[in-house]
Amino acid sequence: MAYRDLSLYRILTSFMIFVVFFVRNTFGQGAIPLDRRNFDRVITNNEVVLVNFYATWCRYSQNLNPIYDSAAEALTREFPQPGKIVLGKVDCEGSREVAEKYKITKYPTLKMFRNGKLSRKEYRGTRTTDAITDYIKNQLSDNINKLDDMDGLDDMDTNKRNLIGYFGEDTSEEFRMFSKIATQMREECVFYAVIGEGSKKMRQGGDNVVFKPPFKKHGDMMYSGTLRNEALFQQWALDKCIPLVREINFDNAEELTEEGIPFLILFHHPDDTATVEMYHTEVAKQLIHDKSTVNFLTADGLQFAHPLHHLGKSVNDLPLIAIDSFRHMYMFPDIKELNVPGKLKQFIDDLHSGSLHRRFHGQVEEVAPPILPRDDETQDNANEPKPPPAIIRSDVGAEKITEPPKTVFQKLAPNEQRYTFKKDEL
């Protein structure tokens with residue numbers, strides 16, 4: 001009897017929460033307040049949830065709140081059905097547990113959730129009602145390019161990361177799973193689906209998915225697992241769609257700089273795909289173990305001409321490679337040595353060891369000759385500490401010491417013109 005009462009209580013509680021949300025949205029009272037009591041339930045029971053993490057004392061949060069409420073009301077009018085869209089808001093002072101769980105360090109921060117899962121990318125667009133509503137509508141749009149035959153793949157942009165599914169019908173469980181992953185990773189890959197008889201040639205063993213890497217005519221990779229295993233397929237898609245080397249642009253620069261690790265950037269002409277492909281290959285060969293300490297990027301040298309000028313270069317010097325440590329910038333000595341084994345790795349190692357910076361101060365490293373024990377030295381004496389193997393000295397008569405060029409990309413990080421940072425509470 002107690003079990004039945006508990007079940008009835010849960011049903012009534014869920015119903016009351018639904019009624020509260022329905023009444024609030026119907027009468028246009030803006031975004032839904034979220035806290036530890038209802039946060040998980042709301043993000044799990046709705047397809048798309050955008051959450052504004054704010055602080056009441058933050059002036060940027062104060063400016064955004066009426067705009068955000070207006071966007072919530074507009075979206076509720078257009079999408080009134082329950083379980084579709086929710087715009088929620090968390091007072092980070094009143095709900096510190098939730099703010100800490102999602103590592104909120106700046107206000108306001110807008111995070112996207114899809115069917116209960118946190119999206120990798122925050123909303124960093126314009127803070128207007130129209131911009132926010134357009135962003136949400138775009139998140140709801142079907143991002144799978146559906147084709148009847150394989151001829152449509154001829155128009156595919158081969159410079160992008162493409163996932164192509166081949167399905168007998170679009171009502172299958174395999175296609176449903178493909179659609180779910182495509183929705184979650186809409187900003188990382190471009191998704192195509194060839195459905196029906198036109199895909200028969202590629203379905204000898206059943207429905208399947210193929211990844212086509214960018215800049216390559218060959219090297220397609222077929223998914224070998226079952227499409228009904230969501231965790232397995234999702235991990236495979238993540239490995240393919242989130243590359244080791246990413247392209248930086250003005251839309252994602254703030255996000256990349258907020259990751260807080262140095263950049264290794266290939267500046268290239270947009271038509272120079274050969275150097276880009278070589279850079280991808282050498283990063284994978286030489287630097288795979290450095291991916292947690294360095295962001296490997298490519299940049300359109302025409303768009304990012306300012307950093308080139310900062311290095312004393314111009315678009316006529318493309319391609320070139322540089323490190324931005326968020327304090328200084330350092331150039332890779334010779335782009336022609338990009339594919340020399342170990343050269344790129346040494347460049348990164350020199351950053352971490354401080355050698356790159358010391359060179360700009362006229363310092364060089366000398367390797368001292370080994371200290372050998374004398375014939376009459378005892379074993380105990382031989383184990384005594386020896387001088388360090390490297391001696392650092394300043395060149396005598398060197399030219400006037402100059403600082404390396406200051407960072408450029410740090411200026412693209414989240415700044416006080418858009419956010420209040422958590423440390424400012426002190």
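Select Glu122 and Arg124: the two form a salt bridge, with their closest N and O atoms 3.5 Å apart. A salt bridge here is a side-chain nitrogen of Lys or Arg within 4 Å of a carboxyl oxygen of Asp or Glu. Side chains of opposite charge can pair when their charged atoms come close.

This is a predicted model, in which local features need pLDDT of at least 70 and side-chain atom pairs count only at pLDDT 80 or more, while totals for chains, interfaces and linings use all residues. Residues are numbered from 1 along each chain as its sequence is written, and side-chain values use heavy atoms, with hydrogens and water left out.

**The charged group**

Stay on the first pair. Glu122 has a relative accessible area of 16% and Arg124 one of 17%, so both count as buried (under 20% relative accessible area; exposed is over 50%, partly exposed in between, with a 1.4 Å probe and protein chains only).

Helices (H or I, at least four residues) and strands (E, at least two) are DSSP runs, numbered from the N terminus. Glu254 is buried, at 11% relative accessibility.

Now select Lys121 and Glu255, another salt bridge, whose closest N and O atoms are 3.3 Å apart. Lys121 is in strand β6 (residues 117-123) and Glu255 in helix α8 (residues 253-258), so the pair ties together parts 134 residues apart in sequence. Lys121 is buried at 19% relative accessibility, and Glu255 is buried at 10%.

Display β7 to β11. These 5 strands form an open sheet in the order β7-β9-β8-β10-β11, with mixed pairing. Two strands pair if DSSP finds at least two bridges between them. β7 (144-149) and β11 (221-222) stand at the edges with a single partner strand each, so one side of each has no neighbour in the sheet.

β7 and β9 are parallel and pair over 5 bridges. Select Leu147 to find one such partner: Val194 in β9.

Then show α6, which lies across β7, β8, β9 and β10 and runs at about 160 degrees to β9. Helix α7 also packs on the sheet, touching β8, β10 and β11, at about 15 degrees to β10. Axes are lines fitted to C-alpha atoms, for helices over the stretch in contact, and angles run from 0 to 180 degrees between N-to-C directions.

**The nonpolar core**

Which residues touch the most other members of the largest nonpolar core? Select Leu163, Phe178, Phe191, Val209, Phe233 and Trp236, out of 21 residues in this core. Such a core is a set of buried Ala, Val, Leu, Ile, Met, Phe, Trp, Tyr and Cys residues joined through side-chain atoms within 4.5 Å. Helix α6 gives the most to this core, with 5 residues.

Center on Phe191. Beyond its neighbours within four places in sequence, Phe191 is in contact (heavy atoms within 4.5 Å) with residues including Asn143, Leu163, Phe178 and Met185.

**A second sheet**

Finally, display β12 to β16, an open sheet of 5 strands in the order β12-β14-β13-β15-β16.
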